[in-house]
Amino acid sequence: MVKKVLIVFAHQSSGSFNAAAKNAAVEALTAQGCTVEVSDLYAMSFKATATAEDIKGEVKNAENFCYLEETKLAWEQGKLSDDITKEQSKLTEADLIIFQFPMYWFSVPAILKGWIDRVLTNGFAFSKEKRYSQGVFKDKKAMLSFTTGSLESMFSPTGINGDMNVTLWPLQNGILHYCGFQVLAPQIFWAPSSAAPEDRKSMLESWRTRLQSLLEEKPLSFMPLDCFDEKAFQLKPDIYEKHAGKEFGLTVGIHLNKPLPPHSQMKAGC
Ligand SMILES: Cc1cc2nc3c(=O)[nH]c(=O)nc-3n(C[C@H](O)[C@H](O)[C@H](O)COP(=O)(O)OP(=O)(O)OC[C@H]3O[C@@H](n4cnc5c(N)ncnc54)[C@H](O)[C@@H]3O)c2cc1C
């Protein structure tokens, strides 16, 4: 079956390294027979702010506007703005979503955060019943592909920025896995601006190689929802007991006050 890929691309320049990474993905995946769609957020002038204008017509409570509740209602009633609905349709169609961006302030650029805030609407992308391993998008895959300004050594457990696994946890667990996505290991292009031209070339080459079998990759592992109780969402005692004697914690976030499991947000099978 033809796989559909959505690339959510957040860079201002078509001559950037990020654009080259995005183009490499479009070429490699198209050559494999995938249908590839790109949401080029800056070119689209995608609105980054979550406001009442995201809802067509009257809102329920303009005086005490609650974005989470109002957009849920608007989604149910088909009253979300056209730019949001369009992105949601692309997302619904896609089997794999690749977010391609330069790291900004240990996170994503504001325009991409705006896409996340506005497109992953309450009800459409998650609900109390449907999240984490039982999430709405549990049959889809998603991944981060990004560049840094910092060197890899700076994002190591002994580096000045701290462990990259920690930086990735809110994005990969708090956003992607929360909505149910199977999260593929991130593609990190370390400091292309300070790399030698031949090193930049080989970074893109290894991305092209990875793209050949990206769709068959195993996702990162996260603790399934049924490992937690339904009231306080604490680890169930039997799961806790099972891991109590182990050297490392379960995940970056659920670490049981133990050392973090190395590479758990960077490599599948960790
Ligand atoms: C607001 C802000 C916050 C930031 N926060 C962080 C942070 O928290 N942590 C961090 O590490 N960094 C941070 N940065 C730095 C940022 O992540 C880097 O500047 C960015 O990742 C570099 O990617 P780029 O695509 O813009 O590179 P570019 O500057 O576009 O490209 C790098 C080099 O690659 C070359 N190139 C382009 N195309 C190709 C090609 N096809 N083949 C080979 N070479 C090519 C370019 O000519 C250039 O020499 C921040 C930057 C900003 C503006």
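1. Let's start with helix 5, which is mostly covered: 11 of its 14 residues are buried. Buried here means under 20% relative accessible area, while exposed is over 50% and partly exposed is in between (1.4 Å probe, protein chains only). Helices (H or I, at least four residues) and strands (E, at least two) are DSSP runs, numbered from the N terminus. Among the buried residues of helix 5 are Trp169, Gln172 and His177.

2. A quick word on what you're looking at: this is a predicted model, where local features need pLDDT of at least 70 and side-chain atom pairs count only at pLDDT 80 or more, though totals for chains, interfaces and linings use all residues. Residues are numbered from 1 along each chain as its sequence is written, and side-chain values use heavy atoms, leaving out hydrogens and water.

3. What do the buried residues of helix 5 pack against? They pack against strand 3, helix 4, strand 4, strand 5 (182-183) and strand 6 (187-189). Contact means heavy atoms within 4.5 Å.

4. Now the inside. The largest nonpolar core has 42 residues, and Leu91, Phe99, Leu112 and Trp115 are among those with the most contacts inside it. Such a core is a set of buried Ala, Val, Leu, Ile, Met, Phe, Trp, Tyr and Cys residues joined through side-chain atoms within 4.5 Å. Strand 1 (4-9), strand 3 (96-102), helix 4 (110-119), strand 4 (141-147) and helix 5 (164-177) each supply at least two residues of this core. The largest share, 6 residues, comes from helix 5. In soluble globular proteins, nonpolar side chains tend to be buried together.

5. Zoom in on Leu112: leaving aside neighbours within four places in sequence, Leu112 is in contact with Val8, Ala10, Leu41, Phe99 and Phe101. There's also a second, separate core of 23 residues, which includes Phe9 and Phe189.

6. Helix 3 (residues 82-93) and helix 4 pack at about 85°, with axes 10 Å apart. So helix 3 is roughly perpendicular to helix 4, a label that covers 65 to 115 degrees (under 35 is roughly parallel, over 145 roughly antiparallel, the rest oblique). Axes are lines fitted to C-alpha atoms, for helices over the stretch in contact, and angles run from 0 to 180 degrees between N-to-C directions. Asp83, Ile84, Glu87, Gln88 and Leu91 in helix 3 meet Trp115, Arg118 and Val119 in helix 4.

7. Finally, look at Val36 in strand 2 (residues 35-40). Val36 counts as partly exposed because its relative accessibility is 22%. Not counting residues up to four places away in sequence, Val36 touches Val5, Ile7, Val26, Leu29 and Thr30.
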